[in-house]
Structure formats: C-alpha cells, structure tokens
Amino acid sequence: MPLVSLRQVLDEAAKGKYGIGAFNVNNMEQIQAIMEAARETQSPVVVQASRGARSYSQDNYLFHLMIAATELNPEIPIVMHQDHGNSFETCQSAIKLGFTSVMMDGSLKEDGKTPTTFEENVEVTRRVVEYAHERGISVEGEIGVLGGVEDGHGAGGSGLEHLTDPDQAVEFAMRTGVDALAVAIGTSHGAYKFSKKPDGSVLKMDLLIAIHHRLPNTHLVMHGSSSVPQNLQDIVNKYGGHLKQTWGVPVEEIQLGIKNGVRKINVDTDSRLAITGAIRKLLAESPEKFDPRDYLKPAREAMKKIVVQRMREFGQATHSGDYEAIPLSEMAKRYASEMIAK
Ligand code: G3H
Ligand code: 13P
Ligand code: ZN
C-alpha cells in the first residue's frame, strides 16, 4: 500500500470509534519500532517528523526509510505527517518531498514561540489547506496554544495559558477547512507536564467535550500525550540518568478523549524515555560493549513495547486490514467536488 492520507485514516478511526497514535521519528530504529508494533498489533499508523527530525535526517534519509516501511508492510496503512509545520513553506516542502499530511501550527508565529492572532492563524492555515487539498494531502491545524518547549518550539508555560475557545474552534474549522484540529486542553510537550500525581481532572475534559459537541465531524488531535510512565523514568534514573520526578497524561484521560472526538494522539516523549532507558541499561550492565547494534537493538525493542501498548490502549489495534488506500489523486478530486465534508 502506498503512503495514505491522514484524512482517510482518521475518517476510518471515527467510524470505528478508536484513536490513532501519531509517533515521532528521527531515525531508522524508531521507524522500525513503530512498524514492528503496527505489524504485531495489526494497526494503521501515523509516523510523524518535526522540523528538527527532518533536518536531523536530511529529509531524504527519512523519506526513503518511510518508503521502505511501505514496501516491507504492504498491508498496513501508513501516514507520513509533518509535525508542527511553522510556515506555508515548511508544509509545502514536506508535500513536495512526499509527506501525505501536514500540520500547519499557525497558533505560533514562524519563530515557533510567539502566539499569533486568530486572524493570522486562519490566514496561514487556509493557505496551506488550499495548497494541500489540491494535491489530496491532509492538513491539521491548531487553535489555542500548548504548553512546554521542545527543540526550541513552543510558547512555554504550563499549557493552561492559552486554552482553546470553542467558538473560535468552530470559526477556525469553518474558515480553514482543516481535516483535523489540535486543541489546547491543558497538555504540554516534553517530560515535565505535571508536578504532582494527576487526580483524573488534570485535563480540561469539559472543554474538549464542549468542542466536540460544537464540531462533531472534526477530528480532534491531542498533542503532548505522553504518559511518562514511572517505570521508564525509573530505568533512566537507575542507570545514571537524572530525571526529576514527573507525571504525564494518564491513559484513561486519553481514552475519555477518544470517546469525545479525539482521533489522533501525539506521542514522542514516551518513546524517547524507552530508548534512553534501554541504552543506559545496556551500557551500564555491559560497559565493555561498543557495537552500536548492541544498544540500538534493545532500544528499538523498548520503543516497540511502549508503542504496542499504546496502539492497544488507543484502540487502533486489529484495524490495519479494514480498508484499501484511497489514492491521493482521488482524495484531491473529492476535496475539489466537496465530497469530503469540511
Ligand atoms: O512537538 C514536539 C515533538 O516532541 C517533536 O520534538 O521538535 O524535538 O523533534 P522535536
Ligand atoms: P509528548 O512530548 O507528550 O510526547 O508530545 C509529543 C507531541 O505532541 C508531538 O507533536
Ligand atoms: Zn505537538
């Protein structure tokens, strides 16, 4: 199966009432970990790359690794998604490279730090949608601003400063025609999301439910959705790491989100922790080893394990064989004829 559009995969997820994990990658082992997890659980997948990931992998390495993933897993629908595009040009270059979906994060200016005005966000997102849909490519937008900073990207803060306003979400979705909408409901990027054990009300689920009621046909996206499991923190720290005690988003909250319109769930930090813990452990226990395969194999296995778990928890497991790929040219026709509801 060729790379497929995010829109098709999320429409199917909505029909089946499940969520799809969108896992960040930078290198071959991360792509392999996700694909092995998808094969084991029979899951459709979203593999996503940030601007930092594209630059790290020099675009072409990443793209060809993704093509390898489709060749080795012809039965699995795979979306290749640009995470947090910061400008029209970033999204355009991703589409030219072969990404089948882009996020235009117009909630922040091009510097990736300063919040934009609503009108600026609508304008740049609408432009990306026009360009992408003509080519059958899907677009995710963001309204409201997440907390935290990753790789220099993010407004900082706790994630509660710029929550999504439901009225604005409705207007934004109507005026831009995005396929998926990232909402700010109290999550933030990175490992340090919450400084005490979450009590079940850490996220503004009432806000999410209000947005979903107003936009029942828009696929919602939860960024900053790593759960930062205690066991992964413990492994990193046991073998020489220095992570401060922290808490992530409880999986039950994500599952409640999935019942209320969340279809795409972004996870990066949990994979990073799994990989780092495995490498630290191997090198601490076998300091004589120096072949990268000795530590990259357990690292890949550790990431696969957490991804398998999330695929089952989000409900995407067993759904890889549900549908055939819709060619991007057909998606473009559907957008043009407005067969795809906006
Ligand atoms: O949005 C944040 C993702 O975790 C990607 O992070 O920009 O460091 O690659 P990155
Ligand atoms: P985490 O830092 O919680 O993994 O979030 C990743 C993310 O939202 C990528 O866009
Ligand atoms: Zn994000």
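Both His84 and His223 are buried, where buried means under 20% relative accessible area, exposed over 50% and partly exposed in between, computed with a 1.4 Å probe on protein chains only. The model is a predicted one, in which local features need pLDDT of at least 70 and side-chain atom pairs count only at pLDDT 80 or more, whereas totals for chains, interfaces and linings use all residues. Residues are numbered from 1 along each chain as its sequence is written, chains are lettered from A and ligands numbered from 1 in the order in which they are written, and side-chain values use heavy atoms, with hydrogens and water left out.

H9, for its part, is followed by Gly240, whose phi is positive, near 100°.

Within H9, the residues Leu232, Gln233 and Val236 are buried. Seen down the axis of H9, these buried residues fall within an arc of 100°, so they line one face of the helix, the arc being that of the directions from the helix axis to the C-beta atoms. They pack against H11 and helix H12 (292-314), contact meaning heavy atoms within 4.5 Å. The axes of H9 and helix H11 (residues 269-285) come within 8 Å and cross at roughly 35°, where axes are lines fitted to C-alpha atoms, for helices over the stretch in contact, and angles run from 0 to 180 degrees between N-to-C directions. This crossing of H9 and H11 is left-handed, a term used if the near helix is turned anticlockwise from the far one by less than a right angle, and right-handed if clockwise. On the H9 side, Leu232, Ile235 and Val236 meet Asp270, Leu273, Ala274, Thr276, Gly277 and Arg280 of H11. The residues of this contact divide into 5 nonpolar, 2 polar and 2 charged, with Ala, Val, Leu, Ile, Met, Phe, Trp, Tyr, Cys and Pro counted as nonpolar, Asp, Glu, Lys and Arg as charged, and the others, Gly among them, as polar.

Helix H8 (residues 205-214) has the buried residues Met205, Leu207, Leu208, Ile211 and His212. They cover an arc of only 155° around the axis, which puts them on the same side of H8, while the face turned away from this buried side carries the exposed residues Asp206 and His213. The cover over the buried residues of H8 includes helix H7 (166-176), strand S6 (180-183), strand S7 (219-222), helix H10 (251-259) and strand S8 (262-267). The axes of H7 and H8 come within 9 Å and cross at roughly 40°, in a right-handed crossing. Here Pro166, Asp167, Ala169 and Val170 of H7 meet Leu207, Ala210, Ile211 and Arg214 of H8, giving a contact of 6 nonpolar, no polar and 2 charged residues.

The loop between S6 and H8 contains Pro198, which is buried with a relative accessible area of 19%. Apart from residues up to four places away in sequence, Pro198 touches Trp247, Gly248 and Pro250; the C-alpha atoms of Pro198 and Pro250 are separated by 7.4 Å, although the two residues are 52 residues apart along the chain.

Conventions
Helix = DSSP H or I, 4+ residues; strand = E, 2+ residues; numbered from the N terminus.
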